[in-house]
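Open your viewer and get ready to click.

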Amino acid sequence: MNRIGTAGWSLPAKPKAEGTHLYHYARTLNCAEINSTFYRPHRATTWAKWAAETPAHFRFSIKAPKAITHEAKLREAKTLLHGFFDQIKPIEHKQGPILFQLPPSLAFDATLAEDFFTTLRALYKGETALSHATPHGLPKKPMYSSGSTQSPVWQPIRPRHPPKQPFPEVTLR
């Protein structure tokens, strides 16, 4: 199934029908990225409410906390990853890829990447996406942890509006 969604689920105006913005958004698009987890954790009741407001096929892409990506810079992140995955358990049945947005100052380091992804894969087998503020320093093809092709780590395309140049041709797999 192809998934189309946005970062967050704001609507231009709340529909007059009963339900939250998320409820109505989820009846039009089939996924959304949760950005707020980058800044703060959420209560289990919040996760459960979001899961309840969306149809069974709906998925959430969840951004990893900046404590992992910007503060620890992926180093010795096992305890932080444990805490994050424990926090999102109430929504794991609707969980899409986990997004790790790296800071521009973090240059690609093969040893660091291997250590981080080995730790990550020991804790989490689902899809992950790696995003970097600049295209420099990341490999041009999908990255895989420990030789596994079962759960690839993708570098997502993040278009800006309006684009400065035409979008590149993309082949979906």
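Predicted model: local features only at pLDDT ≥ 70, side-chain atom pairs only at ≥ 80, totals over all residues.

**Stop 1: helix H5**

Select residues 110–123, which form helix H5. How far apart are its end C-alpha atoms? They are 20 Å apart.

Now go to the start of H5 and show Asp109. A side-chain oxygen of Asp109 comes to within 2.9 Å of the backbone nitrogen of Thr111.

**Stop 2: the sides of H5**

Color Leu112, Ala113, Phe116, Phe117, Leu120 and Arg121. These residues of H5 are buried. Turn the view to look down the axis of H5: the buried residues fall within an arc of 150°, so they line one face of the helix. Here is the background: an α-helix has 3.6 residues a turn, so residues three or four places apart point the same way.

Next, pick Thr111 and Ala122. Are they buried or exposed? Both are exposed, on the other side of H5.

**Stop 3: Lys63**

Jump to strand S3, residues 59–63, and select Lys63. Its relative accessible area is 9%. Buried means under 20%, so Lys63 counts as buried.

Which side chains make polar contacts with the side chain of Lys63? One is that of Asn35, at 3.3 Å. Another is that of Gln101, at 2.5 Å.

Finally, show the neighbors. Leaving out residues up to four places away in sequence, Lys63 touches Glu33, Ile34, Asn35, Thr37, Phe38, Phe84, Leu99 and Gln101.

Note on methods:
Residues numbered from 1 in each chain as written. Heavy atoms only, no water. Helix = DSSP H or I, 4+ residues; strand = E, 2+ residues; numbered from the N terminus. Expected span 1.5 Å × (residues − 1). Buried < 20%, exposed > 50% of the residue type's maximum accessible area, 1.4 Å probe, protein only. Arc of directions from axis to C-beta. Polar contact = N/O pair within 3.5 Å; in protein donor to acceptor, adjacent residues only side chain to side chain. Contact = heavy atoms within 4.5 Å.
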